[in-house]
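The entries follow in the order of my reading.

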Amino acid sequence: MAERVKIIQDISLLYELSLSIGTTLDPQENCYSFLRTLISRKSLNFGAIWLKNKPEASDNYGLFYIYPQFRASETTIPNDHYIIQELNTKPFVCATVQDAHYADVLHETKVGKGAYAIFKMGDLGFLKLFAANRPHGFSQIEMEQLKQVVDKLSTSLSGCFAHIQLKKETEHRQIAQQALSESENRLRRIIDSSQDAVVTSDEAGNAIEWSMRAEK
């Protein structure tokens with residue numbers, strides 16, 4: 001009976017986490033909704049999302065979002081860090097205070113004893129969760145279940161960043177188009193105000209534009 005209740009609770013959590021992401025195009029708000037729900041339901045201490053500082057050719061990872069606002073002792077780690085090396089071959093890593101590499105995954109102050117659950121987020125980076133009440137770590141089943149919703153978070157954040165990039169490119173094109181239009185209008189005014197006959201031709205020598213003076 002207890003096992004059945006646990007399964008129902010896990011399914012309910014996965015469903016709630018799925019609903020908490022993808023409702024906004026703001027990546028920070030997405031991270032907040034996801035971590036707030038997960039930490040509350042799983043009785044965790046905090047969660048942190050680390051992303052590549054340069055998506056295409058990064059030599060380091062930076063702390064993108066942490067909830068609750070926890071004091072981080074490090075905000076950047078190199079590309080050859082222990083966590084990155086582990087996630088190159090594994091979808092997730094669990095580290096407890098008894099593990100030899102526990103100090104390598106510790107980037108926060110006043111954490112104490114407990115367990116980290118670290119998940120690969122595709123090509124974006126990774127998610128770190130910490131629980132002080134789990135001295136023996138997270139179970140394999142729990143890690144696999146959480147990886148499913150972490151993958152959804154990764155997809156949602158990728159969409160957010162793609163939208164932001166597209167918006168920037170669109171704004172740049174609009175600015176460039178406006179600058180070109182203003183330049184053409186300015187040139188047109190200069191030509192029309194000239195006292196000389198001005199004629200513009202193409203490579204074949206055909207007249208394609210001329211000033212009012214030339215027309216007269």
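Which residues do ring pairs link into a cluster? I found that Phe 46, Tyr 102, Tyr 116 and Phe 130 are joined in this way.

I note that this is a predicted model, in which local features need pLDDT of at least 70 and side-chain atom pairs count only at pLDDT 80 or more, while totals for chains, interfaces and linings use all residues. Residues are numbered from 1 along each chain as its sequence is written, and side-chain values use heavy atoms, with hydrogens and water left out.

I counted rings of Phe, Tyr and Trp (its six-membered ring) as paired if their centres lie within 6.5 Å, with planes under 30 degrees apart called stacked, over 60 edge-to-face and the rest tilted; the count comes to 9 aromatic pairs. For Tyr 32 and Tyr 67 I read centres 5.5 Å apart and planes at 80°, so this pair is edge-to-face. Tyr 32 lies in helix α2 (residues 27-42) and Tyr 67 in strand β2 (residues 60-67), so the pair ties together parts 35 residues apart in sequence; helices (H or I, at least four residues) and strands (E, at least two) are DSSP runs, numbered from the N terminus.

I then looked up exposure, where buried means under 20% relative accessible area, exposed over 50% and partly exposed in between (1.4 Å probe, protein chains only). Tyr 32 is partly exposed at 32%, and Tyr 67 is partly exposed at 22%.

For Tyr 116 and Phe 130 the centres are 4.9 Å apart and the planes at 55°, so I recorded the pair as tilted. Tyr 116 is in strand β5 and Phe 130 in strand β6, 14 residues apart, and both residues are buried.

My last entry concerns Gly 122, which sits in the loop between β5 (115-121) and β6 (125-131) and is partly exposed, with a relative accessible area of 40%.
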